[in-house]
Amino acid sequence: MKVAIIGVGTAGVSVLRQLVKHPNFAELDVTIYDNEKNMGQGEPFQNDSDDLLINVPVDMLSLNIDNVHEFREWYETQNDFDYGRATYLPRFVFGHYMKGYLDHYIQLYDNIHVVRQEVTQLGVEVQDSTSCHPKITVCTDDIVNTYDYVFLTIGTMSYNDPYQLKGQRGYIDSPYPANRTLDQVVDTDKIAVIGTGLASLDVIRYVLNHHNKPLMLASRSGQLPSVRGDMTKVDLHYLTKAHFSKLKRKHMDSVPLETVIELFRKECDALEIPLEQLLQRKTGDVMQDLKYDMAHAKQLGRLQSVLMAVKDNMDWIWNSLTHADQQAYHERYHQYVKENSNPMPRDTAELILNALHNDMLEIRSGLSHVERTNGRYRLKFDDAGRQCMVDVVINATGPKTRLDQLDESDALLLDMANKQMIQAHPMGGIQIVPETNEVISPRYGTMTNIRAIGQITNGVNFQRNAVTMIVQQAVKTVGQLYQQLEKESEV
Ligand SMILES: Cc1cc2nc3c(=O)[nH]c(=O)nc-3n(C[C@H](O)[C@H](O)[C@H](O)COP(=O)(O)OP(=O)(O)OC[C@H]3O[C@@H](n4cnc5c(N)ncnc54)[C@H](O)[C@@H]3O)c2cc1C
């Protein structure tokens, strides 16, 4: 069976790891595709400043589903990087751990072929009517190959450009690599970062350490993620598959959102989490909010832990909701979940508090528009007339999430949508079967031999694209590939 892995970051390397583990691996002929820079490391874990840290403690991050300490163990046995017994290592170190495995497999197995180029197009090869799986054609600028099975693991879509400023001088359209964001900046430049999610924290860490003028951070909400509390292992007792099966029988195969919320509240009550108090804690004053989080590490850690357990199970929870309820969740509840999951490390909170205290950082909410005028940038805010001028804007508003936002930077996906190989999910990303990651095409139906994993599936895999969840999906889909291989050899 000829297999292609398109995109070799976390998802691509995880798929390969699972493939090689199987006793029937020799029956496969695998080709992996990515550009030279990202091959084996992907975008988030590429070589960059060591100010950029993983957002989960080292002991909770691993590519090995059976050994959560594998990354820690790898770190302790290698000699290239030494950050002591840090809880949060720089992100590129994790990238080298992934790449280490990739290089090892490439050396060890001669049925793995490497193409250090991006894929420009995919196509479906028309077959005779007896064949159940059409072959998939994969093209780069130089080569064309045909495969029986394709893993589409291309990571995030390109970056949002909310104020159409891409290409303008002084506008840095993506915060990564962070260590290049100051390349065109001079010492006297006033810098604003737009967006206050996790990516903005990366930029803050980098810019505060490498630029001496006060930094402005601006977004609509002006709210930063919460600070990581004392996390514990949580087992869910109410949001369970068994409970959902019963509810689905009562509600024509879906579970009403309000019932899910009720069950979530029960989980929180059982853990003595003061839910209302924590959800209403934000005052809008970032300094006060960060200090509150740091002083309530136990309570907040329990809330973050229960949210993490929910995210681990999000595939069946999310896909039990109707689209109308998914939309309602977005409008009513997602803001709270977003604020309290993906927390920042405590030392990042300390760095921000320090910078606020020393007037090296200012955080503004109500951002409504950014425009270029006379070679500088004017940031406008909701309250009438409030505005300010800066020399450089770093865009940290996050990647696109919907197919209708794509532009030429997302050429492969655009081409696939154009050929009707993929279609948009109403909540973002592309349509796939939740249980199997099979791509659902409006033209070819369910494509059992194209499996998509990662951010491009964010409508179905809502909030399920961190490392651990990607690894879970790689384990599952590779298992299904080998089942198919077995069936085919029986036939
Ligand atoms: C900035 C950032 C930080 C994060 N930090 C963490 C963290 O600390 N912990 C955590 O659990 N999760 C983190 N995440 C979540 C993250 O989504 C996953 O950890 C993971 O890296 C995503 O893996 P992926 O394989 O989907 O994407 P990537 O790892 O980005 O891999 C996608 C690969 O596809 C390649 N590619 C794209 N287009 C093509 C093409 N046409 N042809 C061939 N190759 C192509 C890219 O070059 C890239 O190498 C972070 C995410 C971001 C954006």
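**View 1. Residue classes in the shell around the ligand of this predicted model.** By class, the shell comprises 16 nonpolar residues, eleven polar residues and four charged residues. In total, 31 residues surround the ligand. The closest are Ala-11, Asp-34, Asn-38, Asn-55 and Val-119. Two helices, H1 (10–21) and H15 (467–490), each contribute at least two residues to this shell.

**View 2. Backbone atoms and the oxygen atoms of the ligand.** Asn-55, one of the closest residues in the shell, places a backbone N or O atom 2.7 Å from an oxygen atom of the ligand. For Val-467, a backbone N or O atom lies 3.0 Å from an oxygen atom of the ligand. For Thr-153, the corresponding distance from a backbone N or O atom to a ligand oxygen atom is 3.5 Å. The ligand taken alone exposes 980 Å², of which the protein buries 87%.

**View 3. The buried residues of helix H8.** Helix H8 spans residues 286–295, and its residues Val-286, Asp-289, Leu-290, Asp-293 and Met-294 are buried. These residues lie on the same side of H8 because they cover an arc of only 135° around the axis. The elements that cover the buried residues of H8 include helix H9 (297–312), helix H13 (346–357) and strand E11 (361–364).

**View 4. The start of helix H8.** Here a side-chain oxygen of Asp-285 reaches to within 3.0 Å of a backbone atom, namely the nitrogen of Met-287.

How values were computed. Residues are numbered from 1 along each chain as its sequence is written. This is a predicted model: local features need pLDDT of at least 70, side-chain atom pairs count only at pLDDT 80 or more; totals for chains, interfaces and linings use all residues. Side-chain values use heavy atoms; hydrogens and water are left out. A residue is near a molecule or strand if one of its heavy atoms lies within 4 Å of it. A polar contact is a pair of N or O atoms within 3.5 Å; within protein, one must be able to donate a hydrogen and the other to accept it, and residues adjacent in sequence count only if both atoms are side-chain atoms. Accessible areas come from the Shrake-Rupley method with a 1.4 Å probe; for residues, only the protein chains shown count as cover. Helices (H or I, at least four residues) and strands (E, at least two) are DSSP runs, numbered from the N terminus. Ala, Val, Leu, Ile, Met, Phe, Trp, Tyr, Cys and Pro count as nonpolar, Asp, Glu, Lys and Arg as charged, and the others, Gly among them, as polar. Buried means under 20% relative accessible area, exposed over 50%, partly exposed in between (1.4 Å probe, protein chains only). The arc is that of the directions from the helix axis to the C-beta atoms. Contact means heavy atoms within 4.5 Å.
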